[in-house]
Amino acid sequence: MVPTSYYLILSAILFGMGAVSFVFRRNIITIFMSIELMLNAVNLAFVAFNQMWNTQGNKLDGQVFVLFVIVVAAAEAAVGLGIIILIQRNRRSLNVERVDLLKL
Amino acid sequence: MSDFLTHNAFWILSIIKIAVLLFIVLTVNAYLTWFERKVVAHIQSRWGPHRVGPHGLLQPAADGLKFLFKEDPTPAGVDKFVYYLAPLLALALALTSMAVIPFGPNPIPHITFFGQPIHLWVANPDISLLVLFAITALSVYGVALAGWASNSKYPLLGGLRSSAQMISYELALTMSVVGVLLMANTFSLQEIINAQASIPLFGWNFFGFTSGSKIPVPQILGFLCFFIAAIAETNRAPFDLPEAESELVAGFHTEYASFKFAMFFIAEYTAMITVSCLVAILFFGGWLSPFPASWTWTHYLPSVTLLPFGLWVIWDGIHYETIFGKLVLPAVGFAMAAIGGALIAFPAVNGFIQPTFWLLAKIFLVLFFYVWARGTLPRLRYDQLMNMGWKVLLPASIANVILTAALLLWRGH
Amino acid sequence: MSAPLIIFFVLATLAVLGAASLIFQKHPIHSALSLIVVMVALAGLYLLMGAEFVAAAQIIVYGGAIMVLFVFVIMLLNAGEEERTNLSKLAKIAGWPLALALTGVLAAAMIRASPAVANPARPGALSDTATLSKLLFTDFVYPFELTSFLVLVAILGAMVLAQREQK
Amino acid sequence: MPILEQLWIIPLLPLLGSAINGLFGAKWPNKAVSSVALGSTGLSFLFALEAVREFVYVRHGELFRKEFFDWIVVPDFLHGGNWFRAGFDLQMDQLTVVMVLVVTGVGFLIHIYSTGYMAHEGGYYRFFSYLNLFMFFMLILVLAANYVLLFVGWEGVGLSSYLLIGFYFLKKSASDAGKKAFIVNRIGDFGFMLGMFLLFRTFGTLDFTAVFAKAGPLPAEAMGQFGTITVACLLLFMGACGKSAQLPLYVWLPDAMEGPTPVSALIHAATMVTAGVYVVARSHVLFTHAPTAMLVVAIVGCATAFFAATIGLVQRDIKRVLAYSTVSQLGYMFLGCGVGAFGAGIFHLMTHAFFKALLFLASGSVIHAMGGEQDMLKMGGLSKKIKYTYWTMLMATLAIAGFPPLAGFFSKDSILYSAFQSEHGGHALYAVGLITALLTSFYMFRLMFLTFHGKPRYDEHHVHVHESPWSMLGPLVILAVLSVIGGWVAAPALWGGEDHFANFLAPIFGSGEAAAGLSEAAAHQLELTLAVVAIVAALIGLGVAFWLYLKQPGKPEQLAKSLKGAYTTLSNKYYVDELYAAAIVNPLVWISTNVLWKVVDVGVIDGAVNGVAEGATAVGDKVRHTQSGNTRSYAVWVVVGALVVIAIIFWPAIRPALGMVR
């Protein structure tokens, strides 16, 4: 028996670490990945809460929401990586600190 | 000691099973290479391997030894960790996928392992199909990382190609199974097989009949999509672009030698076997016999195949050139004939091995198709490959889903 | 210490380690690999919670599609180790403490809020996929269609972005 | 009762016509445009006829009222029901019958006329679109079952009148005239709205039936007492003054003649300007309760009649003469209403609609013949050249001058009779009315003689006088017939028979008629005498005009010289416009220039706006430095935001945690 709170704390920690690397890293791709990490942390919380409230075994809204998050993350990845490729193509750099102008 | 065994019987049994399964799979792998070379050779009207051992039967062993003892250079400037990780990943995933394949419906009769019935599978999660797909999905990394870590042009290109190819065909692969899932309403492979048991031959998903309804829901289109996509997914000819010799030397494993290379090799063949199992299970009724249960004489088909074949081997061995052959081949043939006889002698055993026999037979056929395809079809160009995946297979599989759903509705599912 | 708890801690440590290495690895590929580790660990946790389908989706979509895309792009752009610039004073000075503060606050909030949600998740109560799909296609059908549309748009957007403008 | 149940269709048709012409007409040939316009109006005329038939023969003349849909509804949450409701409610009673028939009938005729008159003008489709729009609003006005909807029509006709006066908007005078009409009307409308508010405050509703039902039982207010109803009536009458060009708001009507002649005929003679009379008649229940208001109405009407007639004496522009005669005839109508003879007022409204429309159309035909010349002194001797126009116009002149047995005679006669009968200075009113009648016949025949008789005073080589096409003459003839027989419905009254028109309207005005105390025979006797007197007056006017303008031409100039002061005053219309300009317009202009514009607008409003803008600029100038463009610092900001939000949400949960840290 694993208390829900354990999962919640784990998800909090993961989210925090995601935030850390989001601030700390300079590589666009890595930053993107840390965003994905945060999303995953949130998903964990979702599933945990779902299992907590799902006493009759028919309340799965949390899991449904996780599925939506995953789909959205996929779409986001598709577009985001496309943008990253463009950035690399135009700026010859993946360092966000080198990409600080809206125009070339 | 014994109570330790009784308490942890499940774990220990699982470990033993895994060991046995590994042994079998690796051996089959080895001889699959031999089989492939032979078949392709005969398709191209050559002899194929026939020096090492009679009919080259020891060729695989020789290859294995070669792999083991060859020098294993690590190219300069590679990313060590990833370079070593890649083949391990590939092999581990490929082998893991075998764990959820059920080779027979019922446990071995009269024998238990400290109270644990001995089933013919390692694990039976009720989402086994999903597990398989998950593993397939991950197996991309083996190739991609290998290509990247080798710090070399050809492997990189090969890796890129393969990862692109795999994620492209994964869609079609997954979509094409949805039809079967709709019919079985489950992810469990055993349930899927049982769902096809209502009518002997035509109850199989390939034909899609069911007792109590005139309307068939055939999965022919789904099968085609699945098989093609699976060939591509396993990077086999005619979709073996990642290792297209003519363009990329050897693709992602150009920089790999000896046993690391062997790992990729084994992984590929294991993937072949897994896919064959899947095809047999999803579309051809898995371990179900094509004949009605009332035809009891069909139970003797295993022996009926084994006996004459064994006798033929003996006869062939007696006339074989080399002494070694004269000694070994008759022994093998005798063993086969003996097994065949034994099966007739012990009907219980015979009855038990029936499902497994049918499953293995189907798997063998699919593998033969694999090899056949490799022997006949020319390799696609890259753009053709992509078009095939996105513009043909994916729409076709989606169409199959819609068609199946419509038919099921019509049938009043 | 029951079996589920052990599994939980193993997977949790795995996840945390993975996240940590995501932070500290120099090379994007290594970060990606560590992120994959995290995701697989999370999938294991989902299984532990009995959310089997979500676990599978996690691995198939996240592990098998999204991260593959990441790796693919990294390989395509041949991204090397990131250069350690410090052009943003704000991030240099306040970045770490703030992020850590966020972690702490979140954790604290969770810890403090958890007594309210004390009842443990029941492992093994395998929430069957049928219910999930039924839910997905009845109550959540509009969000579902919406996401499908979103994906379509994303595909188009990715295509437009990726193609070189030929003149 | 198919049509009566679907009363809305009658006003809707012209609206459709207007919309179609206005939206698509620009590209269409004139034929298509005119057929759309004519079709819509003609159809609505037919529907109106059918509706009237049903009203008279199926419902036997009992009030028909239907609420089609809610428009403004304020529910009363305390007591339930509606605290205020103004719906799209239409009603049909005898008064409405008269108005609807006049509007649709005359309107239709004038549409036909316009097809000929406007044939060579630009903006053909625009003209007809406006004209149909006017028809729509006018019908709404007369069919409305509550004051609010009536006010919609009221403003709507104002709008279309504005549009049509300024039809030749390239001509400055035309656009100015349009604005003038609009603004002067606003003054009246202001009073009208106040009146409505007062009514609502008093009776809690604005539906005619409800208001009158509530007002009926109330005791009539004494003469000279300014009670609620009196005030309300006066305010309504203020609106009526604006719309119907009574003193002191009549100034816009003469200028309105800048518009095309059919417009003058339809809007500024036959229908719109009579809306004021209609409103007064419609609210007769209220007015009968407010004798003071009645007296005011009577006096104003009478004064206007005389005043305008005098101005009309000396005008040279043929249309302006008609305009002033319109004003004065409207005065007659108000006189009738004011002395309680609402029936007579409405009767005169109808007959006037016939002959005045005819006069305008005929004058239009004349102008058409003269190639746009409007100055009577440049005409003369046209009677031979344009016979139809001449004869029809003569009919109209006789009618308006009040010669029996033409329409004008009966209506004017009954008005004068009631005026004579009324207590409160009835005889004075009668006297003025009589003089006005004399003047009317004088200036009308002056117009006739100057235009059609004597020797031509125009250059015959350049002006090729030609008869108008039948599309214009047809309506003239029809209207001529109407202005001849239009009055006969009331004829029997003369030889002591039934006054059918009055009887028809009796269900509404019933008691309203000022029944004098004296006996039937005496009353009849009196009526005959008055009729004879009126005829004599008309003859005198005719005679004078004949003597001045045919027998001795040049006499008028001598007269004008001898009475120079009076003449100039009249020809300058008593300097009323100048007076208004000095008293009202210029001060307003000055204030709005020097105070509203230079102080309020520039200083306050612009200052505030610019100040805000500059403030934003200044702040942005300071803040923009945070926007370095460096994603990492943005990330930090995001983290800060998340931190704050979470801290706020989970504050109770976090405080102890901080405690642990400390």
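Author: Two residues are in contact here if their C-beta atoms, placed from the backbone, lie within 7 Å. This is a predicted model, where local features need pLDDT of at least 70, side-chain atom pairs count only at pLDDT 80 or more, and totals for chains, interfaces and linings use all residues. Residues are numbered from 1 along each chain as its sequence is written, while chains are lettered from A and ligands numbered from 1 in the order in which they are written.

Reader: Ok, B and C then. How many residues of chain B are in contact with chain C?

Author: On chain B, 18 residues are in contact with 14 residues of chain C.

Reader: And which elements of chain B give two or more residues to that side?

Author: Those are helix H5 (128-149) and helix H6 (153-184) of chain B. Helices (H or I, at least four residues) and strands (E, at least two) are DSSP runs, numbered from the N terminus. H5(B) gives the most, with eight residues. By type, that side of chain B has 15 nonpolar residues, two polar and one charged. Ala, Val, Leu, Ile, Met, Phe, Trp, Tyr, Cys and Pro count as nonpolar, Asp, Glu, Lys and Arg as charged, and the others, Gly among them, as polar.

Reader: At what angle do H5(B) and helix H3 of chain C pack?

Author: H5(B) packs against H3(C), residues 52-77, at about 15 degrees, with the axes 8 Å apart. Axes are lines fitted to C-alpha atoms, for helices over the stretch in contact, and angles run from 0 to 180 degrees between N-to-C directions.

Reader: What about inside chain B, how do H5(B) and H6(B) cross?

Author: Their axes come within 7 Å and cross at roughly 170 degrees. That makes H5(B) roughly antiparallel to H6(B). Among the residues that meet, H5(B) has B:Phe133, B:Ala137 and B:Trp148, and H6(B) has B:Gly158, B:Gly159 and B:Glu170. The tally is 14 nonpolar, seven polar and one charged.

Reader: Switching to chain D. How many helices and strands?

Author: Chain D has 27 helices and two strands. Strand E1 (residues 64-75) and strand E2 (residues 82-92) of chain D pair in the antiparallel sense over ten bridges; for a pair, DSSP has to find at least two bridges. D:Glu67 stands opposite D:Asp89 in E2(D).

Reader: Is D:Gly61 buried, exposed or partly exposed?

Author: Partly exposed, because D:Gly61 has 17 C-beta neighbours inside 10 Å. A residue is buried if 20 or more other C-beta atoms lie within 10 Å of its own, exposed if 12 or fewer, and partly exposed in between, with C-beta atoms placed from the backbone. Beyond its neighbours within four places in sequence, D:Gly61 is in contact with D:Phe55, D:Val56, D:Gln94 and D:Pro507.

Reader: What share of chain D is buried?

Author: Buried residues make up 51% of its 662 residues.

Note on methods
Parallel < 35°, antiparallel > 145°, perpendicular 65-115°, else oblique.
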